[in-house]
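This report is written for a reader who meets the structure for the first time. Please keep the sequence and the three-dimensional view at hand while reading.

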Amino acid sequence: MTTMTRSADMTLRLALAAALATGSAGASAATLAVGGNGAYATLTEASRDAKAGDTIVLAPGIYAGARFHADGLTIRAAANAVPGSVVVNGDTVAGKGLFVIAGDDVTIAGLTFEGARAADGNGAGIRAEGRNLSVTDARFIGNEMGILANSVGGVLTVRRSRFTETASRAPDRVGHAVYANGIARLVVTGSTFERGARGHYIKSRALDTRITGNRIDDTNGSASYLIDLPEGGAATISGNLLVKGPNPDNCCTAIAYGFEMRKGGSYVNPPGPVRVSGNRFVNRSPGIVTFFVNRSVPANAATLSDNELVEEQGPIVAATGRATVNGEAAATSYISNAATFAEMALKPPMSGIFALLGFGLAGIIVGRRKPATR
């Protein structure tokens, strides 16, 4: 056998070994049935036995949470389970979340996470500590945090899910429906957010945040920002319905960008394109609300285009800071016109203030303000 023939033979052997190893790994993937007539009564038992690539299937029922270590898991509701019939609640695991995901490349589908509470006020429906978590067709009800992701360099993807009544019990904490803390990318699409309290519906420190085709409606809530990107970074916010409710914890901003970058230290993401387009924003708050506020440092300009701004109650500022709105520079300050300002001045608590100062001052202020940039 010549040297070349031996080399070719060795290459063939290695290729066959790799193919056999791949086939063996694929063949070893198992389906672990939990609840109903399944082999496992609890998620803890299934998570203990789960290996890389396995699928855990939950029959309709109510389950205590668990910690999952294996990579490549799929954790889903049974095919015959109607939406909302597979519920995870009870005590959080290690004071973190109902699900604590330590493995990478995990998919969760069709489950409901309800009532997560923790001593520190950060009890999450899902706490993601591994990289690359995908959550689809899930429901999050009454948790202190919906999803809290801490996987540096990972990607969190949320599709067609619903978040309602997110609120922290701790007086010094706020609850966010989705909180991405220092990951590579956050993708949220086709999902609904409502009835939040004090915190933000989506808070992302990701290098790249993509929020598209969602409904974020604070009409019956008292949340702060609808979307908060405190460390800047790249962002695409498009095709969403965004509603500022009548009782917001933060009166004046819908989308906050770069609000923590002045702190220094690690609170700065590299700049990237920021595009806010095709959204419908409805203001049901009685006061002036700025749709997009840019406080990034160093300044990272944003582009706003084709957003529909609906003033059901108070007036709307399209943007402040470094931004262009349909090709024009954003306003730096705003009072829409004298009539609007006078109408606001007649409402409490401003009515008491201007009763003391006199409406002459109001007229001076209005005269110095720029008209709205739409």
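The text below goes from the chain as a whole to single residues and side-chain pairs.

This is a predicted model, in which local features need pLDDT of at least 70 and side-chain atom pairs count only at pLDDT 80 or more, while totals for chains, interfaces and linings use all residues. Residues are numbered from 1 along each chain as its sequence is written, and side-chain values use heavy atoms, with hydrogens and water left out.

## The chain as a whole

The protein chain contains five helices and 33 strands; these are DSSP runs numbered from the N terminus, with helices (H or I) of at least four residues and strands (E) of at least two. Of its 374 residues, 49% are buried, where buried means under 20% relative accessible area, exposed over 50% and partly exposed in between, for a 1.4 Å probe and protein chains only. Among contacts (heavy atoms within 4.5 Å) with a separation of 6 or more, 65% link residues 24 or more positions apart. The chain exposes about 16600 Å², and carbon and sulfur atoms supply 54% of that area; the areas come from the Shrake-Rupley method with a 1.4 Å probe, and for residues only the protein chains shown count as cover.

## A loop residue

Arg-169 belongs to the loop between strand S15 (162-164) and strand S16 (178-180). Arg-169 is exposed, at a relative accessible area of 55%. Apart from neighbours within four places in sequence, Arg-169 contacts Arg-117, Ala-118 and Glu-144. Glu-144 is 25 residues away from Arg-169 in sequence, yet their C-alpha atoms are 7.0 Å apart.

## The disulfide

One disulfide is counted, defined as a pair of cysteine sulfur atoms within 2.5 Å. Cys-251 is joined to Cys-252, with 2.0 Å from S to S. The torsion about this S-S bond is about -70°, so the disulfide is left-handed. Both partners are partly exposed: Cys-251 has a relative accessible area of 44%, and Cys-252 one of 33%.

## Aromatic rings

The structure holds eight aromatic pairs; rings of Phe, Tyr and Trp (its six-membered ring) pair if their centres lie within 6.5 Å. One aromatic cluster consists of Phe-68, Phe-99, Phe-113, Phe-140, Phe-163 and Phe-193.

Charges also sit over rings, which requires NZ of Lys or CZ of Arg within 6 Å of the ring centre and within 35 degrees of the ring normal.

| Charged residue | Ring | Distance to ring centre |
|---|---|---|
| Lys-263 | Tyr-267 | 5.1 Å |
| Arg-295 | Phe-259 | 4.0 Å |

Conventions
Phe/Tyr/Trp six-rings, centres within 6.5 Å; stacked < 30°, edge-to-face > 60°.
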